[in-house]
Amino acid sequence: MVLLSTAYLAPVSYYRQIQNNDAVIERFCNYQKQSYRNRCRIATEAGIMTLSIPVEKPATIKALTRDIQISRHDKWEHLHWTAITSAYNSSPFFEYYSDEFRPFFLHSAKYKYLFDFNQALQETICPLLGINHHIKYSEEYMTASDNCHDLRQAIHPKRPSIEPNTLIPYYQVFTTRNGFTPDLSIIDLLFNMGPESILLLQKEPVKI
């Protein structure tokens with residue numbers, strides 16, 4: 001079993017863990033800034049772009065992740081979808097999947113809390129990838145144990161990928177210009193590889 005934090009359009013390594021293990025998403029850990037909880041990385045013509053959801057924290061020194069609200073300031077939804085469209089509209093499967101993602105950026109106001117928004121995205125992404133595992137959500141703060149691989153801090157934008165040599169390179173729109181960029185948001189894999197994405201998420205990736 002793996003223990004993960006919530007994540008906004010999480011990186012490929014995150015979904016590899018979900019594909020290959022029983023996963024529990026932590027709701028009761030303290031919120032951390034500059035983590036994948038509210039940000040993702042995509043590939044653009046100019047290189048890696050980080051997209052961050054603005055959030056509002058409760059007026060406490062420490063705030064639980066489940067209590068973090070999405071800020072309604074800034075037009076982040078428009079900015080994010082414009083950036084994603086610009087980066088991936090020429091990818092092989094953007095048109096095929098874009099209708100699944102567009103509503104999240106047109107109607108994000110229906111989600112008050114970041115955790116709920118991330119969860120809804122994840123519940124959309126997993127079936128598109130072909131991941132059929134039941135994901136659990138913690139009912140209280142979970143401590144690491146011998147039968148639980150704690151990755152809440154390990155999968156982080158400021159830390160090296162936990163699987164640097166496991167995922168084989170795949171087609172990316174800007175590979176010719178920028179080279180292959182590993183462990184970007186799962187949408188990078190999905191828009192570029194489509195139904196074959198699941199092959200790259202398995203324990204023993206199938207070369208394609």
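**A walk through the predicted chain**

Glu26 touches Leu3, Leu4, Thr6, Phe115, Ser138, Glu140, Tyr141, Met142 and Arg152, leaving aside residues up to four places away in sequence; touching, or contact, means heavy atoms within 4.5 Å. This is a predicted model, in which local features need pLDDT of at least 70 and side-chain atom pairs count only at pLDDT 80 or more, while totals for chains, interfaces and linings use all residues. Residues are numbered from 1 along each chain as its sequence is written, and side-chain values use heavy atoms, with hydrogens and water left out.

Glu26 lies in strand 2 (residues 23-26); strands (E, at least two residues) and helices (H or I, at least four) are DSSP runs numbered from the N terminus. Glu26 is buried, with a relative accessible area of 0%, where buried means under 20% (1.4 Å probe, protein chains only). The side chain of Glu26 reaches the backbone nitrogen of Phe28 at 2.9 Å.

The largest nonpolar core has 58 residues, and Leu9, Tyr15, Ile84 and Phe101 touch the most other members. Such a core is a set of buried Ala, Val, Leu, Ile, Met, Phe, Trp, Tyr and Cys residues joined through side-chain atoms within 4.5 Å. Helix 4 (residues 114-129) gives the most to this core, with eight residues.

Next come two helices. The axes of helix 2 (residues 76-88) and helix 3 (residues 94-106) come within 11 Å and cross at roughly 170°. Helix 2 is therefore roughly antiparallel to helix 3, a term for angles over 145 degrees.

How values were computed. Buried < 20%, exposed > 50% of the residue type's maximum accessible area, 1.4 Å probe, protein only. Polar contact = N/O pair within 3.5 Å; in protein donor to acceptor, adjacent residues only side chain to side chain. Axes fitted to C-alpha atoms, helices over the stretch in contact; angles between N-to-C directions. Parallel < 35°, antiparallel > 145°, perpendicular 65-115°, else oblique.
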